[in-house]
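Work through each task with the structure in view before you read its solution.

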Amino acid sequence: MTLQFSDLRRLTDERAKAFRAAVASAPSLDAQVPTCPGWTLHDLVQHLGGGDRFWAAVLGAGPADTPPTDAVVERAALSAPRERAALLDWSRESTRLLLGALGEAGPQRGCWTWWGTSHSPQSSGAVARHRLQETAVHTWDVQLVTGAPQPLAREVALDGVEEFLSTCCATTAAWPHEPTALDFHATEGRSWRLTLDGDGARPTRLPATGQAPQGTPGARVSATAGELVLYLYDRIPADGDRVRIDGDAALLDLLRAWDPQE
């Protein structure tokens with residue numbers, strides 16, 4: 001079961017506040033973000049806030065085959081304030097616009113999304129789910145800059161693994177390699193399988209711990225849910241300590257290199 005719509009909005013607001021708190025305590029807005037190569041802290045704040053404003057406009061436009069032209073133009077020309085207090089105010093307003101648009105839309109309104117062929121619906125609820133993960137991961141990025149990265153909250157992370165597999169991996173495009181399956185196991189007791197074959201990529205929730213799933217995966221990734229999310233978003237490596245891979249690790253490399261749109 002995924003998080004309720006009200007929980008998605010509440011947790012996004014909480015993570016956004018934690019994000020700004022970390023930005024406020026950082027030594028400089030020009031500090032480099034190690035997990036976002038080439039980006040400064042200011043770049044990251046502008047990216048997250050710009051995303052909030054863009055998706056607020058998308059939600060407001062309702063069902064559509066393309067994003068609103070004005071929103072695309074504004075995002076391309078975006079320039080957030082350079083002074084820290086003004087930047088934090090701008091970030092706070094960005095969060096308010098997103099949460100307001102989500103509240104106005106409710107969980108079921110259709111809208112354009114970039115994940116049209118995934119298992120996630122093109123809806124305001126799916127946008128809320130994805131924005132929570134974007135905000136949570138970028139909060140971790142900023143906390144890393146300050147030297148105090150905090151583990152992702154359990155409820156956010158457990159939903160985050162499933163959301164990533166459903167939104168960023170699932171597709172109807174044919175897998176261009178030998179059919180296989182990849183299992184992802186959270187030490188909190190929840191597991192998922194991503195099946196890859198000529199029909200595309202399909203994530204499924206596996207039975208509870210203690211019940212053996214059918215078939216043997218090509219590789220199995222095990223970690224806490226939070227570490228799985230950070231691994232999937234390329235924030236931490238599979239080092240055998242925090243994140244362990246059993247089986248053919250090269251399959252994970254193939255998955256990362258695969259672009260179903262090509």
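**Exercise 1.** Find which residues lie nearest the centre of the second largest pocket, and state which elements line it.

*Solution.* The second largest pocket is lined by 16 residues, among which T2, L3, G125, A126 and R129 lie nearest its centre. A pocket here is an open set of points on a 1 Å grid over the protein atoms alone, where a 1.4 Å probe fits, with protein on both sides within 12 Å along at least five of seven lines, and a lining residue has an atom within 4 Å of a point. Next, the elements that give two or more residues to this lining are α1 (5-25) and α5, helices being DSSP runs of H or I with at least four residues and strands runs of E with at least two, numbered from the N terminus. The largest share, three residues, comes from α5. The model is predicted, so local features need pLDDT of at least 70 and side-chain atom pairs count only at pLDDT 80 or more, while totals for chains, interfaces and linings use all residues. Residues are numbered from 1 along each chain as its sequence is written, and side-chain values use heavy atoms, with hydrogens and water left out.

**Exercise 2.** Describe the lining of the largest pocket.

*Solution.* Begin with the 24 lining residues, of which W114, F164, C168, C169 and W258 lie nearest the centre of the largest pocket. The elements that contribute two or more residues to this lining are α5 (124-145), α6 (154-169), α7 (225-232) and α8 (250-257). With four residues, α6 gives the most.

**Exercise 3.** Decide how the rings of W55 and W115 are arranged, and which parts of the chain they tie together.

*Solution.* The rings of W55 and W115 are stacked, at 5.7 Å centre to centre and with 25 degrees between the planes; rings of Phe, Tyr and Trp (its six-membered ring) pair if their centres lie within 6.5 Å, and planes under 30 degrees apart count as stacked, over 60 as edge-to-face and the rest as tilted. Because W55 lies in helix α2 (residues 41-61) and W115 in the loop between α4 (84-105) and α5, the pair ties together parts that are 60 residues apart in sequence. W55 counts as buried at 4% relative accessibility, where buried means under 20% relative accessible area, exposed over 50% and partly exposed in between (1.4 Å probe, protein chains only). W115 is buried as well, at 2%.

**Exercise 4.** Classify the pair of F164 and Y233.

*Solution.* F164 and Y233 are edge-to-face, 4.9 Å centre to centre with 70 degrees between the planes. F164 is in helix α6 and Y233 in the loop between α7 and β5 (244-247), 69 residues apart.
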